[in-house]
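I am opening a notebook on a structure that is new to me. Here it is, before I look anything up.

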Amino acid sequence: MGEVIVITSGKGGVGKTTTSANLGAGLASFGDKVCLIDADIGLRNLDVVMGLENRIVYDLVDVTSGNCSFRKALIKDKRFENLFLLPAAQTKDKTAVNPDQMRALTEEIKNEFDYVIVDCPAGIEQGFRNAIAGANQAIVVTTPEVSAVRDADRIIGLLEKEDLREPKLVVNRMRYQMVKHGDMMSIDDIIDILAVDLLGVVPEDEQVVVSTNRGDMVVMNDSSKSGQAYRNIVRRIKGEDVPMMNLDDEGGFFRKLRQIIGLK
Amino acid sequence: MLELINRLFGRENHSSKTVAKERLRLVLVHDRAGVSPELLQTLKIDLIKVISNYMEIDEHALEVSLDSSENQVALVANIPVKNMKRSIQSETA
């Protein structure tokens, strides 16, 4: 029996979909059988982030409304044969699915998979309630900005109300150089405010954009820092005790010197 | 440039991250507490219960609210007292 993990954030644009894709691919690369569900009905994106947009025949609403079985709607990934995507419907809206249907669906899927990862839409309305309905674990994604942290706090409150206790936090787009200069909240600041367990920190990395442009996941890029960060998170999900990456050395002496004399 | 000098001398206190954290802390006190008016209502009822043991108060004029000023959030209760109870003095005496 697999675990159902919902990836959520409240605020849009903090990296839920990127995180979902990378954790899914990361877990699959460790040999787990993974099913990703895009619960963002009407604004589907997980397909395009994973480079699977041309393979969609059926979608989530087809499955929940009984048009086809979930097996028929699953898209097999190009790179990992144990990674599957259930895409969101693009032409319907969030009310096309209800929490009971999602609960039943995840219940069915998790019998055949090690991990079911649900990519939650932004917001706290029905789309959110659908996405968390069948989950037994939650990962909250935030960035080191006041708006994202505030929304994360609200989401954590709502998750706890729905009995998804002890959600884990992923801080995305961390810029250590700015933290060093006192211009960005540090991990300690964020944890201090939100009072949740930290699952991982993903540094700001251009490689994420480059990979996504191609429909690849940065977790497969061995030389990128963000890829390393995602691999660490995957290992923590699997129960390994992996120390947090030290990203403090980013930059170095000459870069600092350039910054000081204003050459940036 | 001034910012740079501040950084060089390690004047962290007015850095934007300190401001961000402080603002967040305040807004979350409100978010967390202020989400439900029911909570304030329950608090009000409990307050009336406790205070009524000691004095007679005007329940209808009682006001409870969260107030935020510059850098702190306070629970403000305005409770008009109608009369003191005599019995309580003899009990404590």
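Which hand does the crossing of α7(A) and α9(A) have? I looked, and the crossing is right-handed. I note that I am working with a predicted model.

**Entry: α7(A) with α9(A)**

I placed the two helices next. Helix α7 of chain A covers residues 146-161, and helix α9 of chain A covers residues 187-194. They pack at an angle of about 35°, and their axes are 10 Å apart. I then listed who makes the contact. From α7(A) I found A:Val149, A:Ala152, A:Asp153 and A:Ile156. From α9(A) I found A:Ile190, A:Ile193 and A:Leu194. I sorted these residues by class and got six nonpolar, no polar and one charged.

**Entry: α1(A) with α11(A)**

I turned to helix α1 (residues 16-29) and helix α11 (residues 225-237), both of chain A. Their axes come within 9 Å and cross at roughly 65°. Angles of 65 to 115 degrees count as roughly perpendicular, so α1(A) is roughly perpendicular to α11(A). The crossing is right-handed. On the α1(A) side I wrote down A:Asn22, A:Leu23, A:Gly26 and A:Leu27. On the α11(A) side I wrote down A:Tyr230, A:Arg231, A:Ile233, A:Val234 and A:Ile237. This contact divides into six nonpolar, two polar and one charged.

**Entry: strand β4(A)**

Which strands pair with β4(A)? I found β2(A) and β3(A). Strand β2 (residues 34-38) of chain A runs in the parallel sense, over four bridges. Here A:Cys35 has A:Phe84 of β4(A) as its bridge partner. Strand β3 (residues 75-76) of chain A pairs in the antiparallel sense, over two bridges. There A:Ile75 stands opposite A:Leu85 of β4(A). β3(A) and β4(A) form a hairpin, and six residues lie between them.

I also checked where the side chains of β4(A), residues 83-86, point. A:Leu83 and A:Leu85 point one way, while A:Phe84 and A:Leu86 point the other way. Side chains alternate between the two faces of the sheet in a regular strand. Are these four residues of β4(A) buried or exposed? I found that all are buried.

**Entry: chain B against chain A**

Last, I looked at where the chains touch. I counted 13 residues of chain B in contact with twelve residues of chain A. Helix α2 (residues 16-34) of chain B gives the largest share of chain B's side, with ten residues. By class, that side of chain B has four nonpolar, two polar and seven charged residues.

Methods: Residues numbered from 1 in each chain as written. Chains lettered and ligands numbered in written order. Predicted model: local features only at pLDDT ≥ 70, side-chain atom pairs only at ≥ 80, totals over all residues. Axes fitted to C-alpha atoms, helices over the stretch in contact; angles between N-to-C directions. Left-handed = near helix turned anticlockwise from the far one by under 90°. Contact = placed C-beta atoms within 7 Å. Nonpolar A, V, L, I, M, F, W, Y, C, P; charged D, E, K, R; others polar. Buried ≥ 20, exposed ≤ 12 C-beta atoms within 10 Å, placed from the backbone. Pairing = 2+ DSSP bridges. Parallel < 35°, antiparallel > 145°, perpendicular 65-115°, else oblique.
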